[in-house]
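I opened the notebook to look up a few local features, one at a time. My entries follow in the order I checked them.

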Amino acid sequence: MSEFRIHHDVNELLSLLRVHGGEGAEVYIDLLQKNRTPYVTTTVSAHSAKVKIAEFSRTPEDFLKKYDELKSKNTRHLDSLVYLLSKLTEDKETLQYLQQNAKERAELAANAATSGSTNFSIPSSTSKISLQELEELRKQLGSVTANSSVPQPLELTRKILRDKQNKKNSGQPIPVFPCWVYERPALIGDFLIGTSLSTDTTVPIGTLPLASQESMIVEDLLYVLIGVDGRYITAQPLVGRQNRAFSVDPNLDLSIKELVTRILPVAASYSAVTRFIEEKSSFEYGQVNHALAAAMRTLIKEYMILITQLEHLQRQGLLSLQKLWFYIQPTMRTLEILASLATSVDKGECMGGSTLSLLHDKTFNYTGDSQAQELCLYLTKAASVPYFEILEKWIYRGIINDPYSEFMVEEHELQKEKIQEDYNDKYWDQRYTVVQQQIPSFLQKMADKILSTGKYLNVVRECGRDVTCPVAKEVIYTLKERAYVEQIEKAYNYASKVLLDFLMEEKELVAHLSRSIKHYFLMDQGDFFVHFMDLTEEELKKPVDDIITTRLEALLELALRMSTANTDPFKDDLKIDLMPHDLITQLAVLCASEGVRNILCKVSLPLSSLSLHSLVCQSDQGLIWMGFSFLSRKALTRYQMLFRHMFYCKHVERQLCNVWISNKTAKQFSLHSAKWY
């Protein structure tokens, strides 16, 4: 953990606990830094910690239920948090403080709830509601609806995602499936509840001999395993996100019923996977989920081939219930893993990078189970293909093509024209930002380099140069991070070199810094300023409104030609600018917030032209938009302020010299005249 992260986390924790006064955050930060281990702990065993907290908790069932829920959502750093909480249970002093703090927070929350409670007053039928009252009532009803725990229907979820994506990609709406795809449930492949497709009369199974019961149940199971209700085995309606349940005819022989209950979890897993495939195949859920659903569909096709072969055996009278149980066992484990992944993605509402994080963590969790790990690796590779395509365009060309907001880097539309006007604009810090929840866990360490690589290429590309990384290769997901980490490192090194060469050679950054900045802003060219102040002395004594800017520009050019600055290739980029406020006000404007800055800029005071004089280099203005710290608008403004201060000091120096010369002249007079002087 970096020092900055420790500072941030400690201050945030103190803020959440509402700790004021005392020893302050610095004491805790120093303590943490002294006890920080030189190595990184990657995994923490949470089993013993979980047991300890459950024993300590007043409601262990609720804690374990919440833990399992968060684990199913693939919540990051969950085990580390549980381990920390288990250590806190051993510290009585900390526990006492936390209990007191929780009590105070509960009292504050209760007081806030009491004061902030809203009573709905329904007007009588004879009174009319004003527009303001109607708007207030609409907001209150909207907040109640938003806080409702009722799960949203899939159609509403798709609409919300579609509107969000269309808002981001204005002018290029995402494609959608036609309505009839969702209006025909028979196309899904899952059970149709409340619809009887069979017209055959059902014979009570309890009246049949054991062999006939087994034959009828085998036929039913073959239907149930592909999402179709049988005569004696039917699917129950789904409740929320629960797994599919089945009802079996109670008159079935107990020995057969026992074996049927072992096979039915395969049908429940198939139902969950089929629903996931149909839901995530929609464009609204993004390319990663779509690719994952396509990979699962391929595996389901192999499962359907197996069921078809078993149906062929059943028609020939060669398939018994025991044989069905034997043939279905290898597929049972596969469908169980697929259903577990589908449920986790659904519960976590994962998209893009968060889906890949879940798949990656699941793959590593199955270490020791080669079959399960190989299956998860296949799914992760398939799902990562569209994500890595976006990544390749970003690190190799500096382009983001992410219509479904799945990538770790998000682009914001900003106007470059405002950079030369806004003192505190951070163009490149704000245009591209990292979305933490979309960073795959296996790329977490490389997130900063990935962001910087695309930024560097984007700078060069927006300057009119087309750049493509010569070492570009396809990035493929593997369990060994070294493969794609090396590719990212190569792209980062290339982007850094291209940008550095562009700034140093083509844009002549060093020349601008040493000549434009050093020579003029820091007054390195002394003779130039002596000539300039000699030429403009009378002009700068005038009030601001009487000064002719073009005359000052002409005198500036004359001073440049008469001094050693005449050999400077960047001298033509220099111009004079009369600022609208004095140096102190400019300093306040630079440090103030936006609202205060707007007020200060409008303040008008009687000022002399000398206090408003400043230099501007047009060549540097052309480089401002790159937004780096040494060429940003804010940095150049600081140089201008230094120049204004030194220029005024130079003026004071000249005045002192004139006074000294006058005094020397006064000494030549007689004593009587000198007294008058």
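**Entry on positive phi**

I started with Glu 349, which counts as exposed at 64% relative accessibility. The cut-off for exposed is over 50%. I keep in mind that this is a predicted model. I placed Glu 349 in the loop between helix H13 (321–348) and H14. Its phi is near 50 degrees, a positive value in a residue other than glycine.

I then turned to Ser 405. Here phi is positive too, at about 55 degrees, although Ser 405 is not a glycine. Ser 405 sits in the loop between H15 and S3. Is Ser 405 buried, partly exposed or exposed? I read a relative accessibility of 26%, so Ser 405 counts as partly exposed.

**Entry on aromatic pairs**

How many aromatic pairs does the structure hold? I noted 13. I picked out Tyr 387 and Phe 407, whose ring centres are 5.4 Å apart with 55 degrees between the planes. That pair is tilted. Tyr 387 belongs to helix H15 (residues 370–397), while Phe 407 is in the loop between H15 and strand S3 (409–411). The pair therefore ties together parts that are 20 residues apart in sequence. I checked burial for each ring. Tyr 387 is buried, with a relative accessible area of 0%. Phe 407 is buried as well, at 2%.

Next I took Trp 394 with Tyr 432. Their ring centres lie 5.0 Å apart and their planes meet at 55 degrees, so I logged this pair as tilted. Which parts of the chain does the pair link? Trp 394 is in helix H15 and Tyr 432 is in strand S4 (residues 432–434), and these distant parts are 38 residues apart. I found both Trp 394 and Tyr 432 buried.

I also noted a cluster. Ring pairs join Phe 388, Phe 442, Tyr 477 and Tyr 484.

**Entry on a buried glutamate**

I looked up Glu 284. I located it in the loop between helix H11 (254–280) and helix H12 (286–315). Is Glu 284 buried or exposed? It is buried, with a relative accessible area of 1%. I listed what Glu 284 touches, leaving out residues up to four places away in sequence. Arg 158 and Arg 162 are on the list, and so are Leu 161 and Gln 165. Ile 174, Val 176, Tyr 182 and Met 351 are on the list too.

**Entry on H12 and H14**

I followed H12 to helix H14 (residues 353–365). The two axes come within 8 Å and cross at roughly 40 degrees. That angle makes H12 oblique to H14. Which residues make the contact? From H12 I wrote down Val 288, Asn 289 and Leu 292. From H14 I wrote down Thr 355, Leu 356 and Leu 359.

**Entry on H21**

I finished with helix H21 (residues 549–562), which has 14 residues. From first C-alpha to last, H21 reaches 20 Å, close to the 20 Å expected at 1.5 Å a residue. Which residues of H21 are buried? I recorded Leu 552, Leu 555, Leu 556, Ala 559 and Leu 560. Viewed down the axis, the buried residues of H21 fall within an arc of 140 degrees, so they line one face of the helix. An α-helix has 3.6 residues a turn, so residues three or four places apart point the same way.

How values were computed
Residues are numbered from 1 along each chain as its sequence is written. This is a predicted model: local features need pLDDT of at least 70, side-chain atom pairs count only at pLDDT 80 or more; totals for chains, interfaces and linings use all residues. Side-chain values use heavy atoms; hydrogens and water are left out. Rings of Phe, Tyr and Trp (its six-membered ring) pair if their centres lie within 6.5 Å; planes under 30 degrees apart count as stacked, over 60 as edge-to-face and the rest as tilted. Helices (H or I, at least four residues) and strands (E, at least two) are DSSP runs, numbered from the N terminus. Buried means under 20% relative accessible area, exposed over 50%, partly exposed in between (1.4 Å probe, protein chains only). The expected span of a helix is 1.5 Å times one less than its number of residues. The arc is that of the directions from the helix axis to the C-beta atoms. Contact means heavy atoms within 4.5 Å. Axes are lines fitted to C-alpha atoms, for helices over the stretch in contact, and angles run from 0 to 180 degrees between N-to-C directions. Angles under 35 degrees count as roughly parallel, over 145 as roughly antiparallel, 65 to 115 as roughly perpendicular and the rest as oblique.
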